[in-house]
Amino acid sequence: MKRIAAFLLSVALSSPALAEGYDDVVRAELLSGWRLPNGDHMAALRLTLAPGWKTYWRTPGDAGIPPLFDWAGARNTRAVGIEWPAPHVFWQEGMRSIGYKGEVILPLRVQLKNGTRDARLGGVIDIGICKDVCLPHRVRVSAELKADQKRPDPAIAAALADVPYGADDAGISAVACRLTPRGDGMGLRVAIDMPRGTGSEETVIEAADPNIWIADPETSWQGGQLVAETRVTHMSGGAFALDRSSLRITILGGKIPVELSGCAG
């Protein structure tokens, strides 16, 4: 499903009318933010969606379109890191997607070549937008990042506060992964020792290798563990190795959103 979504995205973005014909649905702007003490700059991308529309998280689920960022219009920048506030889980016709509705602010930590000088952040961002239909959309953004901007932006600070918590904050004592062979790839079972939650938890599991696809897991409470069971395949369809220490596991729908790094065998 992920391969199909990627194909549709590439085809649709080749048509400017389709990729850029929904400016009334989503408004995008860069918040210029403030200069950090270490010389980096904290900025943000704000997306405002029309009522009923949503856009997707970094891992959108089998039914979503992943966002793509091209910062070719930047100046005096070395790298741009995205801090992702906890997303929502959406279900449509039995398929799951992960994303945001209304307004979302994505904090951007910008590493600068020279932290004492002004910088410019600009580029093209391809996102998916969805209501009754799901479509790709392209936005162009730019902002000047002034070296003398020192005061934090409350809107960006609030978005940073919505980033998922770590294992210690959620009372997680252990995370174990078990791999089993199967005809269409490998089976993956993740068992998380943690206090009982809401019973509505959803999990997202991401691999560091972008060529490895992990299906939307089935998540349930089994005894005192939150268990996620899924299927893992390689985009090539061939054999592969899965580095369990580099897996990223996000828990949504619980008492607090949680993000975990790696698991034991």
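Predicted model: local features only at pLDDT ≥ 70, side-chain atom pairs only at ≥ 80, totals over all residues.
On the side of domain 1 that touches domain 2, the elements that give two or more residues are β6 (88-92) and β7. Across the interface of domain 1 and domain 2 there are also 4 salt bridges. A salt bridge joins the side chains of Arg58 and Glu259, with a distance of 2.9 Å from N to O.

The domain assignment places residues 26-162 in domain 1 and residues 167-261 in domain 2. To the contact, domain 1 contributes 11 residues and domain 2 contributes 13 residues. The C-alpha centres of domain 1 and domain 2 are 25 Å apart.

## Area of the interface

The size of an interface is often expressed as the accessible area that is lost when the parts come together. For domain 1 and domain 2, the buried area is about 980 Å², and carbon and sulfur atoms give 50% of this area. Within domain 1, the residues that lose the most area to domain 2 are Arg58, Asp62 and Arg96, which together account for 53% of what that side buries.

Thr48 belongs to strand β2, which covers residues 41-49. Is Thr48 buried or exposed? Its relative accessible area is 19%; because the limit for a buried residue is under 20%, Thr48 counts as buried. Leaving aside residues up to four places away in sequence, Thr48 touches Val25, Val26, Arg27, Gly102 and Glu103.

Lys101 is part of strand β7, residues 95-101. When residues up to four places away in sequence are not counted, Lys101 touches Leu49, Trp53, Lys54, His88 and Phe90. Between Lys101 and Gly187 there are 86 residues of separation along the chain, and their C-alpha atoms are 32 Å apart.

Asp126 lies in strand β9, which spans residues 119-130. With a relative accessible area of 9%, Asp126 is buried. The side chain of Asp126 has a polar contact, at 2.7 Å, with the side chain of Arg138.

Strand β11 (residues 174-182) pairs with β12 in the antiparallel sense, over 9 bridges. The two strands β11 and β12 form a hairpin, with 2 residues between them. In this pairing, Arg178 stands opposite Arg189 of β12.

Why is strand β12 described as largely enclosed by the rest of the structure? The description applies because 7 of the 9 residues of β12 (residues 185-193) are buried. β12 also pairs with β16 in the antiparallel sense, here over 8 bridges. Leu188 stands opposite Thr230 in β16.

## The hairpin of β15 and β16

Strand β15 (residues 218-222) and strand β16 (residues 225-234) run antiparallel and are joined by 5 bridges. β15 and β16 form a hairpin with 2 residues between them, and Gly223 in the turn has a positive phi of about 65°.

Glu218 is a residue of strand β15. The relative accessibility of Glu218 is 60%, so Glu218 counts as exposed, the limit for that class being over 50%. Not counting residues up to four places away in sequence, Glu218 touches Val227, Ala228 and Glu229. Glu218 is 29 residues from Arg189 in sequence, and the C-alpha to C-alpha distance between them is 9.6 Å.

## The covered strand β13

How many residues of strand β13 (residues 202-206) are buried? The strand is mostly covered, with 5 of its 5 residues buried. Glu202, Val204 and Glu206 point one way from β13, whereas Thr203 and Ile205 point the other way, and all are buried.

β13 pairs with strand β17 (residues 248-252) in the antiparallel sense, over 5 bridges. Within this pairing, Glu206 has Arg248 of β17 as its bridge partner.

Definitions and conventions: Residues numbered from 1 in each chain as written. Heavy atoms only, no water. Helix = DSSP H or I, 4+ residues; strand = E, 2+ residues; numbered from the N terminus. Buried < 20%, exposed > 50% of the residue type's maximum accessible area, 1.4 Å probe, protein only. Polar contact = N/O pair within 3.5 Å; in protein donor to acceptor, adjacent residues only side chain to side chain. Pairing = 2+ DSSP bridges. Contact = heavy atoms within 4.5 Å. Domains from an automatic or database assignment. Buried area = accessible area lost by both parts, 1.4 Å probe.
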